[in-house]
Amino acid sequence: MTTSTSTICPTGTSEMHLSPQPVGKLSIRNATKIYDPDGVNVLALDNCSMEVEAGEFCVIVGPSGCGKTTLLNAIAGFHDITSGDIFLDDELLCSGTKQAEPGADRIVVFQHGALFPWYTVLENVTFGPLVQGKMSASAAKKEAEEILAQMGLKGISHSYPSEISSGMRRRVEIARAMMNNPKVLLMDEPYRAMDALTKTIMHKNLLDVYDQSRKTIFFITHDLEEAIFLGTRVYVMTTRPGTIKKVIDVDLPRPRDYKILSSDRYLELKQEVIESVHEEAKKAFEAGEREMA
Amino acid sequence: MTQKKPVYFMGINLRKLRKSIFSKTTYRGIVAVIATVILWELCARFEVPIIGMIPAPSSVFSSLVEQLQDPAYWECWVVSYDRVLSGFIIAQIIGIPLGLIMGLSRHLRDLSFPTLEILRPIPPLAWVPTAVIFWPTPEMSMIFVTFLGAFFTMVLNILGGVKNIDVRYIRSAQSLGSSGFDIFRRIVLPATLPSLFTGMTVGMGITWAVVVAAEMIASRSGLGFLTWKSYVAGDYPVIVIGMISIGIAGYLSSAVIRLLGDRLTPWRKII
Amino acid sequence: MQTEQTLSGKAVATQDVSVSSISLFFFRLKLWMKSPTPYLTLLGLSLFILTWWLTTEVWQLPRFEKLPGPVSVVKEWVSEDPAYGISIYTPEYYEHIWKSILRVLQAFGLATILGVPLGLFMGWKKTFKDYTFPVMEILRPIPMLAWVPLAILMFPEREMAIIYLTFLGSFFATTLNTLLGVESIDEAYFRAARCLGAKSRHIFFKVVVPGALPFIFTGLQISMGFSWFSLVAGEMLAGEFGLGYLIWNSFILVQYPVIVIAMVTLGVIGWSSSALIRFVGTLLMKWQSRGSSL
Ligand SMILES: Nc1ncnc2c1ncn2[C@@H]1O[C@H](COP(=O)(O)OP(=O)(O)O)[C@@H](O)[C@H]1O
Ligand SMILES: [Mg+2]
C-alpha cells in the first residue's frame, strides 16, 4: 500500500479548475418518462420539475425504483424523456423530441464504478482529454498526476483498477471526471456498496473537491444522513411515478465536517427528511418495487 | 397516464411476443436468409468458382422431395441417432460420477487428472483406428469414439462445477444442521447442475461431429455415410440434404438438452 | 480487501502485497512439494502406463493383445532404424508434423483474421448483427466435418479442401466468442466513454476491443482445439501427408505402433498450441493477471 488515507485532504490553495463564475444550472421542467419494454408501459417519471442552481450540491433522495436513475440518465444523455424539457445553463439539453448527447460537460460517476479495467489509473484519468484531442499526451499526463496528487492518490498511477481498493477506485473516477472540467458532476449512488467508515472518508474527500471547485453536483442516494451532510439542498422524490415531493434547504455552514453531525440543526433537518421519505419508502416497499441495474 | 397490463396467454406475454415477431431484427433476419439463398442459387447458375460448385437450392429442393419419400433416408436418421445416444449416454454414466468424485476428493483428483489431461488433447477422431482394432464390431468402435468426444467435456465441466461451489452454501447448510450425504444431495448436486448442462450441451455438439465423421471414415450407414456416399456416387444435391439433416438433428438434440436444463434449474434466470 | 472463497480453497484477493514474484514462486513450489499432489500425480501416470503395459504386452489379454503396447511404441519411436519407417530420427516424421502444423496455422490464422473483426463488428453494430447472425446461426449446427464431401467437391485441390475444413472449425468458434465478448461488456463502460467525449472510433478501439479480449482468447483456445479436431478428420479422409493421414495410413498398412506415435504427437502439439494462446493472452491482458496475482 503506497497511499495512506490520512493524506487525502489537500490543504492550502487549489488549482482545481476554479470557474470564474459558477456554471452548471440545471432546469428540469415537467420531465416525463415512460419505459415501454415488452409492450408494458412503465411510467417512471411524471411531470418532474426542479431547478438546480449553478454550483449547487443537489442531492436527490427517494425510495428504490422511483425514477432517480432515470432522471440522471436523461440528463447524461443515455436515454430520452417522453415529454418535458431539461435545460443546462439555459440551453435546451433534451426534450420530448430531442435526446441529449453524452458529453464531457456532464460526467457521470457510476453506481458500480466504471473505470476501464484494461487501462491503468493514469490512462483512465487522461482518457477524456486525449480522446477529445484537447491536450497532448504529456500535458495530460502532467495534469493527471497533479489532480491525482491533490486527491491523495499519489503512487498508484501505474496500477490497474483491479489492484487498488474500491474506495480508491471511486476517487480515481472522480479525478477522471474532474480532468474534463465538467459543468455538472452526475453521481448515482456512488458510495452505496461501501462500509460506513470508508464512506466517511469518501465524503470528506468529495466535500474537499466540491469546496475547491464549486461544480454543480447532482448526487443520488438513499442514505439520508449522507444526503444532509453533503447537500446544499435535498430533493425528496415520491414513489413511482417519480416527481419532486419536497425540497429541503440544508442551511449548514461549509466547509463541513463531522462536528455538524451532532448539531441540533442537523438533527432537525434529518427528522424532516426522514418524515417525508419514510411514507414514500413504505409505499414503494408495498408495491414491490425493484431496481433496474 | 395509466399503466398497461401485460396480456398473457398460456404463460406467454403476448405483447412481448408481438413485439419480438414484428421487430426490425426479425425482418432483417428474414431478408438476410432469403438473400443468402438467392445468392447461392445465382452462384450455382453462373458457375462461380468454388462457391458455384455447391448444388443449387432448386436442385436440392427437388431431390429433397424424393429423399423424404425414401425409407432409406429415414433409416439413416435412426442409425445416427442410435449411435449418438449410445455414446452420449455412456459418457454421462461414466463421466458424471467421475467428475463428482474428482471434484470432491482432492487425492483422487490428483491421481487421475494428469492422465485425463494427457488424453484430452488427442482429437477424438484420431482414436478411430485404435478403436477399430480393439473393439470386436465396427459399431462398438464407433460408439467408443463417440463416447470419447463427450466424455472429457463432461468430466471437466462437472469437476469445474464442483470446485466452484461457493463455500458459503456448504457452511450455511452445515450450520442449518445437515452433513455428509445430505450436503452432497442438497447442495453439491444442484449447485453442479448448471455446469453439468453446459457440459452436456457442448458434449452433444461434439458427439454429432464425431459420429458424422466416424460414419464417413468407417461405416456404411447413417447420415454421415449418406453424405459421403452421395459424394462418391456423384449425387451432389443429396450431400447438401445430408448436411442439412445433420444440422437439424444436432440442433434438435441440443434443444432438448437446453429445455431439460431450464426445467431442472429453474433458479437460473432464463434469458 | 475483498476475497471470494470457493470450494477449491481458491481466494481471489484484490489488494497487492509487495512480495517479489520469484520468492512467491519458490514459496509456492515448496508448499506444492510438501503436499501429496506431485506424488499422486506421478502415481496416477505410472498406474496408467503400467495398466497399458500389463494388459497389452505382459498378460496379452484378449483384444488388448492387438493394441500396440508402451514398450513397442517407445522402442519404435526412438529407434534409429524403425521397422515401420517413422521415428524421431526419420525426416518423414517431421514432414508429417510440419505439414499438419502448417495447415492449422493457415486455417487458424485465416479464421482469426476474419472471425475476430467480424465478431467485433457484429457486437458493435446492431444492424450488421441483425443481417449476419441469422445466417451464421443456421450454418452453425452443421458440424464442420459434415462439410468434408462438399469441401472436396468445391475445391479443385485436396490441400485447399483440408484447409477450408480446418478453417470452418475455428471460424465459427472465434466469431461467436468475439461477439459474445463484445456483448458481455458492461454498458457502463460504453456510457463512461461517451461521457468522456469518445467518438465512435475511440469506443471501438478503446472499449470494444480490450473489453472483448478475454472472450476472444477463450474463443481462440476453443477454436484451436476445433482446428486440430477437423484437421485430423480432413487428413484421414483426404490427406496425402500430415499426422491424421499418418494415423489412417498406418492403420491400413497394419503398422500399429505408428498410430500411437502419431496420436501422442498430436496430443502434445495440440496441447502446446493452446498453451501458447493462453500465454499470449496473459501477456496482452495484464490488467487481469496482475489484479489477481495472489
Ligand atoms: N430499461 C427499463 N425498462 C423498463 N423499466 C425500467 C427500465 N429502467 C427502469 N425501469 C423502471 O423504472 C422505474 C424507475 O427506475 P430507476 O430510475 O432505475 O429507479 P431508482 O430511483 O431506484 O434509480 C423502476 O420501476 C424500474 O423498474
Ligand atoms: Mg438507481
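## Contact between chain C and chain A

A polar contact is a pair of N or O atoms within 3.5 Å, one able to donate a hydrogen and the other to accept it within protein. In this predicted model, four residue pairs, both at pLDDT 80 or more, are in polar contact across the interface of chain C and chain A. The count of salt bridges between chain C and chain A is zero.

In all, 24 residues of chain C are in contact with 30 residues of chain A. The area buried between chain C and chain A is about 2500 Å², and carbon and sulfur atoms give 62% of that area. Of the area that chain C buries against chain A, 29% is supplied by C:Cys195, C:Leu196 and C:Trp287, more than by any other three residues.

## The side that chain C contributes

Which elements give two or more residues to the side of chain C that touches chain A? They are helix 8 (187-195), helix 9 and helix 12 (286-291) of chain C. Helix 8 of chain C has the largest share of this side, with seven residues. Sorted by class, the side of chain C that touches chain A has 12 nonpolar, six polar and six charged residues.

## Domains of chain A

The domain assignment divides chain A into domain 1 (3-105 + 187-292) and domain 2 (113-181). Between the C-alpha centres of domain 1 of chain A and domain 2 of chain A there are 24 Å.

## Helix 10 of chain B

Why is helix 10 (residues 223-233) of chain B largely enclosed by the rest of the structure? Eight of its 11 residues are buried, so the helix is largely enclosed. The buried residues are B:Leu223, B:Gly224, B:Phe225, B:Leu226, B:Thr227, B:Trp228, B:Ser230 and B:Tyr231.

After helix 10 of chain B comes B:Gly234, with a positive phi near 80 degrees.

## B:Met200 in helix 9 of chain B

B:Met200 lies in helix 9 of chain B. Is B:Met200 buried or exposed? Its relative accessible area is 12%, and buried means under 20%, so B:Met200 is buried.

Leaving aside neighbours within four places in sequence, B:Met200 is in contact with B:Phe88, B:Gln92, B:Met154 and B:Ile257. B:Met200 and B:Gly261 are 61 residues apart in sequence, and their C-alpha atoms are 9.4 Å apart in space.

Notes. Residues numbered from 1 in each chain as written. Chains lettered and ligands numbered in written order. Predicted model: local features only at pLDDT ≥ 70, side-chain atom pairs only at ≥ 80, totals over all residues. Heavy atoms only, no water. Buried < 20%, exposed > 50% of the residue type's maximum accessible area, 1.4 Å probe, protein only. Helix = DSSP H or I, 4+ residues; strand = E, 2+ residues; numbered from the N terminus. Domains from an automatic or database assignment. Contact = heavy atoms within 4.5 Å. Buried area = accessible area lost by both parts, 1.4 Å probe. Salt bridge = Lys/Arg side-chain N within 4 Å of Asp/Glu carboxyl O. Polar contact = N/O pair within 3.5 Å; in protein donor to acceptor, adjacent residues only side chain to side chain. Nonpolar A, V, L, I, M, F, W, Y, C, P; charged D, E, K, R; others polar.
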